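Here are some questions about how a few residues are classified, each answered from the model.

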Amino acid sequence: MNIIDELKWRGLVNQTSDEEGLKKLTEKEDISLYCGMDPTGDSMHIGHLLPFMTLQRFANDGNHPYIVIGGATGSIGDPSGKKAERPMQTMEQVQHNVDALSSQAHRIFPSFTMVNNYDWTAHIGILDFLRDYGKLFNVNTMLNKEIVSSRLETGISFTEFTYQILQSLDFLTLYRQHNVKLQVGGGDQWGNLTAGLDLIHKAEGQDAEVYALTIPLLLKADGTKFGKTAGGAVWLDAEKTSPYEFYQFWFNQDDKDVINLLKKFTFLSKEEIDDLAEKVKTQPEKREAQRKLAEEVTTFVHGKEALQVAQKITEVLFSGEIQELTTEEVSQAFNGVPSAEISNAEINLVDLLIAANVDKSKRQAREDIQNGAIRINGERLTDTTLNIDPKTSFDGKYIVIRRGKKKYFLAIIK
């Protein structure tokens, strides 16, 4: 299957500047292609995965992907999809984010070539910028781009207005220096991508063979945007979203969405995905498709060892054998559950439940203990006179409290 046909089957093609031309090009030769990423933060989230995993599909087919880290474009801000100007970051913050994103992208996509558009932009003077590049852009055309026209009512600064010129310069530079012929981006980037095509054709001639491809906005079956949780974005940084939380995000996807997600976020074959689709229909209670999705994406982003930890935590929480977890695994497993700080001195069990906000009154705490509803670090305790020594559990850092079947609390020891 041609790479373009595969992308279409996976639902990864929104718009192309010339689908047939791009298909013929990829059949004729291995190409260089790129996708950009501005350093608006110090970690990617799963919204970044689709375009870069699309580049990985091209790489698996023998092509040569580049990631452009926007040290220059990120310093002025992309107007795309925003109703107001982005807050301007300091150059120190931009550089911090560039370093963090470069390291993260290199870990996840080690075969990609990483470049920074600051390297070819910083030395351009204002007169050179206006004469060599600004002259090639028609203001009327720029105003008609959706990324700009959507902002005209609320207003757009000249700084953000020039963003598409800088992004176009990326494509021209990569075309000249590395023979890059395709830019990949999200659906909201179409105006910027086509501006790059226009610049190359004006600067290098109409016969320059370059293409643009955008990926559709990913929606769930109910029409809502994919990728957000109650706690916010799902990050690729393990410090922001632990591998266990990451694994659970994918494992908890709805039956209506899971096959679509398998197509887009895994490298499983059509036959493997068709087999999982059949199991969703006939044995949905086994959640084999969700488990496979969670395994594949967690391994791709965090590696096999992180997957094994996530699976271990999942199994332990199901069985209730909390004592089998390491201190680090406890930190992952109970990130986000109700928590409270306590001292490292011995504490009566009833007082512990009050201090950890498990119960509101000592009477209720005693009832819960006597009724067998309380487990401390996985052990059911029924003696209200018992004292707990915090220093003996999980390196003296945590006490895990469970009330009932599923309600967990974490006492963090100071």
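Q: Which residues does threonine 327 touch, not counting residues up to four places away in sequence?
A: In this predicted model, threonine 327 touches Phe394, Asp395, Lys397 and Tyr398. Threonine 327 itself is found in helix α18, residues 327–333.

Q: What makes the pairing of the side chains of threonine 327 and aspartate 395 a polar contact?
A: The two side chains are joined at 2.6 Å. The cut-off for such a pair of N or O atoms is within 3.5 Å, so the 2.6 Å pair qualifies as a polar contact.

Q: Why does threonine 327 count as buried?
A: Its relative accessibility is 13%. Buried means under 20%, so threonine 327 is buried.

Q: What is the phi of phenylalanine 394?
A: Phi is near 45 degrees, a positive value in a residue other than glycine. Most residues other than glycine have a negative phi.

Q: Where is asparagine 357 placed, and what is its phi?
A: Asparagine 357 is in the loop between α19 (349–355) and α20 (362–370). Its phi is positive, about 60 degrees, although asparagine 357 is not a glycine.

Q: Why is asparagine 357 called partly exposed?
A: The relative accessible area of asparagine 357 is 45%. Buried requires under 20% and exposed over 50%, so asparagine 357 falls in between and is partly exposed.

Notes
Residues numbered from 1 in each chain as written. Predicted model: local features only at pLDDT ≥ 70, side-chain atom pairs only at ≥ 80, totals over all residues. Heavy atoms only, no water. Helix = DSSP H or I, 4+ residues; strand = E, 2+ residues; numbered from the N terminus. Buried < 20%, exposed > 50% of the residue type's maximum accessible area, 1.4 Å probe, protein only. Polar contact = N/O pair within 3.5 Å; in protein donor to acceptor, adjacent residues only side chain to side chain. Contact = heavy atoms within 4.5 Å.
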